[in-house]
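Welcome! Please look over the sequence and the 3D structure, and then let us walk through some of the features together.

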Amino acid sequence: PSGRIASSLCWIDNGLLLFGGRTNPSTPLGDLWYFDLDSHSWVDLTSNSSATTAASGVSTSACPSPRWSSSFQSMGARVAVLFGGRNSTSEFGDCWSLHFAKESLTATWSCLYDNTNSIYNAEPSPGPLFRACLLPLCPSNSLPHSTHDSFLLLGGSSSLPRASSPSHSLFHFKLSKRQWSTLPSAHFDLQNCRVSSLFSAL
């Protein structure tokens, strides 16, 4: 990959997936790379990316638009989730799944949620955010190498001028339903969340 900052990196199938970033303050990247820890080599997956048939009303773009500071996490079993991010003029609130096939070195994007579509206006959602924390939820009875069906999203920022006042809302997303819900924050001390907050699984 070319030199960059603010890219998104996640672990998947004994390797690392790298998406996007920026080369300067105004040039976002939209390329996708895989680092194989067995061979210690990078593979450019950008030309091997495709899109699945999207659900009605969901964006049919082939892949996420170029951006930086997205939330990117493995959901297990060769599936990763990408949320939000920004470019030089705006922030994003869309959510994508990525299915990775190591044998063929191909990746398939699927848009799970498009916040710009009017059918979602009545639903609670985080809205456009960048640098938010994304934590996959693993059921206690899940099998090894299974795919998680939901995640939590916390923190992040909605615009650079408001970076000193980051989001302190906690959201839950269900992949199979393509649906957001809000979680009560009464039992969480979220008022002091920072833009680049960190989540770690226990």
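## A word to start with

Two strands count as paired if DSSP finds at least two bridges between them. With that in mind, look at His172, which stands opposite Ser181 in β13. Please remember along the way that this is a predicted model.

## The sheet around His172

Where does His172 lie? His172 belongs to strand β12, which covers residues 170-174. β12 and β13 run antiparallel and are joined by four bridges. The hairpin of these two strands has four residues between them, and there Arg178 takes a positive phi near 55°.

β12 and β13 are part of an open sheet of four strands, in the order β10-β11-β12-β13, with antiparallel pairing. At the edges stand β10 (133-137) and β13 (179-182); each has a single partner strand, so one side of each is left without a neighbour in the sheet. On average, neighbouring strands of this sheet are turned by 25° against each other, direction ignored. On the β10 side, five bridges pair β10 with strand β11 (residues 150-154) in the antiparallel sense.

Is His172 buried or exposed? Its relative accessible area is 18%, and buried means under 20%, so His172 counts as buried. The side chain of His172 is joined to that of Ser150 by a polar contact of 3.4 Å.

Which other residues does His172 touch? If we leave aside its neighbours within four places in sequence, His172 is in contact with Leu137, Ser150, Phe151, Leu152, Gln179, Trp180, Ser181 and Leu183. Ser181 in that list is also the residue that His172 stands opposite in β13.

## A second sheet, β1 to β4

Now turn to the start of the chain. Another open sheet of four strands has the order β1-β2-β3-β4, again with antiparallel pairing. Its edge strands are β1 (8-11) and β4 (41-44), and each of them pairs on one side only. From one strand to the next, the twist averages 25°.

β1 pairs in the antiparallel sense with strand β2 (residues 15-24), over four bridges. Which residue of β2 is the bridge partner of Cys10? The partner is Leu17.

Most residues other than glycine have a negative phi. Ala6, however, has a phi near 55°, a positive value in a residue other than glycine. Ala6 lies in the segment before β1. With a relative accessible area of 28%, Ala6 is partly exposed.

His40 also has a positive phi, of about 55°, although it is not a glycine. You will find His40 in the loop between β3 (27-36) and β4. Here the relative accessible area is 60%, and exposed means over 50%, so His40 is exposed.

## Rings that meet

How many aromatic pairs are there? The count comes to twelve aromatic pairs. In one of them, the rings of Tyr34 and Phe100 have their centres 4.6 Å apart and their planes at 35°, so this pair is tilted. The pair links distant parts of the chain: Tyr34 is in strand β3 and Phe100 in strand β8 (residues 91-101), 66 residues apart. Tyr34 is buried, with a relative accessible area of 0%, and Phe100 is buried with 4%.

Next, compare the rings of Phe171 and Trp180: their centres are 6.1 Å apart and their planes are at 80°, so the pair is edge-to-face. Both Phe171 and Trp180 are buried. Ring pairs also link Phe83, Tyr113, Phe151, Phe171, Phe173 and Trp180 into a cluster.

## Charges over rings

The charged end of Arg67 sits over the ring of Phe92, 4.1 Å from its centre. Arg86 lies over the face of Phe130, at 5.1 Å from the ring centre.

Methods. Residues are numbered from 1 along each chain as its sequence is written. This is a predicted model: local features need pLDDT of at least 70, side-chain atom pairs count only at pLDDT 80 or more; totals for chains, interfaces and linings use all residues. Side-chain values use heavy atoms; hydrogens and water are left out. Axes are lines fitted to C-alpha atoms, for helices over the stretch in contact, and angles run from 0 to 180 degrees between N-to-C directions. Buried means under 20% relative accessible area, exposed over 50%, partly exposed in between (1.4 Å probe, protein chains only). Rings of Phe, Tyr and Trp (its six-membered ring) pair if their centres lie within 6.5 Å; planes under 30 degrees apart count as stacked, over 60 as edge-to-face and the rest as tilted. A charge sits over a ring if NZ of Lys or CZ of Arg is within 6 Å of the ring centre and within 35 degrees of the ring normal. A polar contact is a pair of N or O atoms within 3.5 Å; within protein, one must be able to donate a hydrogen and the other to accept it, and residues adjacent in sequence count only if both atoms are side-chain atoms. Contact means heavy atoms within 4.5 Å.
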